[in-house]
Amino acid sequence: MEGATARPERVLRCIAAAPGVAYGPAYLLLEGMVKVSKYAIEDVKAEQVRLDAALETTRRQISELRDEVAGRLGDAEAEIFDAHLLVLEDAALVGEVMAMVKSQKLNIEHCFSTVADRYIEIFANLDDDYLRERSSDIRDVTGRILDNLLGVTSRARKAGEPSIIVAGDLTPSDTASLPAGEVLAIATESGNRTSHSAIMARALEVPAVVGVHGLIDLVSAGDTIVVDGDEGVVILNPSAATLERVRLSSAQAARRREALLADNGSPDVGTDGSPFVLQANIGGPDDLEDAVIAKAHGVGLYRTENLFLRIDGWPDEATQYAEYAEVVRKANGQAVTFRTLDIGGDKQLGDAEVEANPFMGFRALRLCLEQPEIFRTQLRAIVRASALGPVSIMFPMVSGLDEVRRAKAAVHAVVTELQAEGIRPMIPLRLGVMIEIPSATVIADALAAECDFFSVGTNDLVQYLLAVDRGNERVASLYEPAHPAVVLTLQRVFQAARSRGIPCGVCGELAGDVGWAPLLLGLGADSLSMSTPAIPEVRYVLRRSTQADREALAGVALASVDPVATTLALRSFASDRLRSRP
Ligand code: PEP
Ligand code: MG
């Protein structure tokens with residue numbers, strides 16, 4: 001591999017997705033494609049050592065797979081891996097690869113992939129059916145060896161050392177299975193600020209950027225790169241001076257975070273004494289410790305699908321109950337708002353059918369109402385957990401009254417069923433809906449009559465209201481929350497809830513934006529739920545404003561037809577108050 005210092009520093013502009021700056025070795029997470037670089041080497045022996053290590057790792061991986069499959073499905077099903085182990089022992093293949101390294105003085109991964117491709121082609125063209133089929137075994141095993149040589153994988157798994165995750169597209173299920181302690185930052189070619197992977201990166205508290213054009217072609221595994229999630233920048237081949245600057249600014253950001261966290265001692269009230277409510281968005285029990293430290297007022301959004309994404313499957317009632325009960329216990333008497341399964345859209349499980357238009361397809365409540373056993377299993381687990389502490393349930397992707405009525409009926413049926421088993425909620429369950437589809441905003445008044453509360457999902461609401469895919473970097477500039485249609489719609493929803501006497505919170509990403517939080521309260525939101533890292537700064541701004549200030553800001557936003565002017569007004573409201581920040 002070429003030395004990073006030999007190449008000039010290069011700055012790639014992209015979309016900032018999660019704050020913070022970090023640098024480290026790139027770990028390429030590639031789906032179905034492996035980039036193999038070619039470079040001259042001096043030390044043939046070192047290449048042999050690398051190959052031996054990759055062969056040993058591959059041997060171990062295949063043996064583990066073999067044992068796992070044998071245990072699960074039986075020895076006959078596991079035989080395929082014996083064939084794979086034989087490919088690995090093929091002296092001719094390894095001999096040819098090393099002969100090429102020696103004669104051409106080229107790096108091992110280049111020689112290995114050249115020889116392996118030739119083997120695959122020869123087998124694929126043989127007349128004998130049996131031998132021809134062996135080409136797929138060779139492809140599989142050599143692909144694995146190459147992965148191990150390159151330090152990449154086609155699926156999320158341990159990177160082995162703290163790394164910057166570089167990917168074309170990072171699915172929510174990839175992100176959910178990333179080992180939290182080993183991710184320094186995330187950079188992807190596709191995506192937008194509100195794609196679920198970006199949301200997860202913010203929850204993981206790692207810097208992230210999305211929409212980095214050409215990234216995969218420009219980065220090789222192990223290259224040191226900088227990810228600046230504040231400015232929306234990736235720096236390739238960073239100079240020593242750049243790395244020093246990054247070190248200083250990360251240390252400063254860490255100090256600032258600590259100081260902001262220390263500002264959470266007094267009650268959550270503005271300078272006029274008006275209270276405000278900040279809650280946490282979580283994806284599982286692990287997120288709760290930080291939420292408690294940040295003094296969140298309970299959980300406003302528990303994305304229950306994260307468990308499904310982590311295991312890439314359908315957990316049974318016992319597995320769900322164990323996780324939900326842990327969350328309720330850790331919340332320590334504070335209310336937890338369970339959002340029922342929101343799978344679909346960009347949050348797909350491996351067995352999902354491909355849809356032409358997944359964000360408008362078989363997603364969330366639609367799937368649950370169609371597949372009542374999946375819904376019942378989840379509701380049983382949630383209702384059982386509600387015997388341990390206060391729980392609310394909210395339904396995602398509601399577009400009309402009938403869906404809410406059917407969802408409520410499903411909850412009531414489960415409650416009756418569990419009561420017969422001697423289980424009942426600690427306090428009556430509160431049932432609400434997410435307002436994230438335009439039709440729901442139009443009939444907000446009728447929906448409010450059916451619910452105990454609303455929570456606005458601005459991530460989806462903006463995408464559906466403006467017809468702009470929330471995860472597509474090519475239309476990122478059109479994803480404009482400050483569009484007057486959005487501001488007006490939000491105000492109408494808050495008013496509809498208030499006139500029916502139910503609370504309306506916001507749990508989309510706007511709630512955790514320092515510019516937007518005061519506006520949402522000014523427009524009439526009752527609570528704001530956000531990923532925990534966003535809480536301290538939002539609290540800092542809200543503590544330094546009055547409800548009258550926020551309503552005046554809402555007046556400015558409602559009167560504006562220019563999203564740029566609105567955003568500027570929001571930014572200056574926040575930065576005026578952040579000026580005294582530690
Ligand atoms: C939303 O759409 O704003 C929301 C909170 O839900 P999600 O981001 O999980 O779709
Ligand atoms: Mg949503």
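On a 1 Å grid over the protein atoms alone, a pocket is an open set of points with protein on both sides within 12 Å along at least five of seven lines, a cavity is a set of points where a 1.4 Å probe fits but cannot get out, and lining residues have an atom within 4 Å of a point. What I am showing is a predicted model, in which local features need pLDDT of at least 70 and side-chain atom pairs count only at pLDDT 80 or more, while totals for chains, interfaces and linings use all residues. Residues are numbered from 1 along each chain as its sequence is written, chains are lettered from A and ligands numbered from 1 in the order in which they are written, and side-chain values use heavy atoms, with hydrogens and water left out.

Let me begin with the second largest pocket. Its volume is about 750 Å³, where a volume is the space filled by probe spheres set on the grid points, and those points are joined across faces, edges and corners. The lining of this pocket comprises 40 residues, and Asp-169, Pro-172, Gly-345, Asp-346 and Phe-359 are the ones that lie nearest its centre. Two or more lining residues come from each of α6 (172-176), β5 (183-188), α7 (196-204), β6 (208-210) and α18 (458-466); helices here are DSSP runs of H or I with at least four residues, strands are runs of E with at least two, and both are numbered from the N terminus. By residue type the lining of the second largest pocket divides into 17 nonpolar, 15 polar and eight charged, on a scheme in which Ala, Val, Leu, Ile, Met, Phe, Trp, Tyr, Cys and Pro count as nonpolar, Asp, Glu, Lys and Arg as charged, and the others, Gly among them, as polar.

How many cavities of 30 Å³ or more does a search of the whole structure find? The search finds three, and the second largest cavity has a volume of about 70 Å³. That cavity is lined by 15 residues, with Arg-303, Arg-339, Met-434, Glu-436 and Asn-459 nearest its centre, and the elements giving two or more residues to its lining are β10 (299-303) and α18. Its lining holds three nonpolar, four polar and eight charged residues.

Helix α9 runs over residues 240-261, and its 22 residues reach 32 Å from first C-alpha to last, close to the 32 Å expected at 1.5 Å a residue, the expected span being 1.5 Å times one less than the number of residues. Its buried residues (under 20% relative accessible area, whereas exposed is over 50% and partly exposed lies in between, with a 1.4 Å probe and protein chains only) are Thr-242, Leu-243, Val-246 and Leu-260. Seen down the axis of α9, these residues fall within an arc of 110 degrees, so they line one face of the helix; the arc is that of the directions from the helix axis to the C-beta atoms. The face turned away from the buried side of α9 carries the exposed residues Ala-240, Ala-241, Leu-248, Arg-255 and Glu-258, while the buried residues pack against β3 (21-29), β7 (224-228), β8 (233-236) and α21 (535-543), contact meaning heavy atoms within 4.5 Å.

Helix α20, residues 516-523, is mostly covered, with eight of its eight residues buried. These pack against α19 (484-499), β15 (504-506), β16 (527-531), α21, α22 (547-559) and α23 (563-578), and just after α20, Gly-524 takes a positive phi of about 125 degrees.

Finally, some individual residues. Phe-308, in helix α11, is buried at a relative accessible area of 2%, and its C-alpha is separated by 8.7 Å from that of Leu-341, 33 residues apart along the chain. Beyond neighbours within four places in sequence, the contacts of Phe-308 include Trp-314, Tyr-324, Leu-341 and Ile-343.

As for the backbone, Asp-312 has a phi near 50 degrees, a positive value in a residue other than glycine, and is found in the loop between α11 (305-311) and α12 (317-330). Asn-332, also not a glycine, has a positive phi of about 55 degrees and lies in the loop between α12 and β11 (336-339). Asp-312 is partly exposed, with a relative accessible area of 29%, and Asn-332 is exposed, at 66%.
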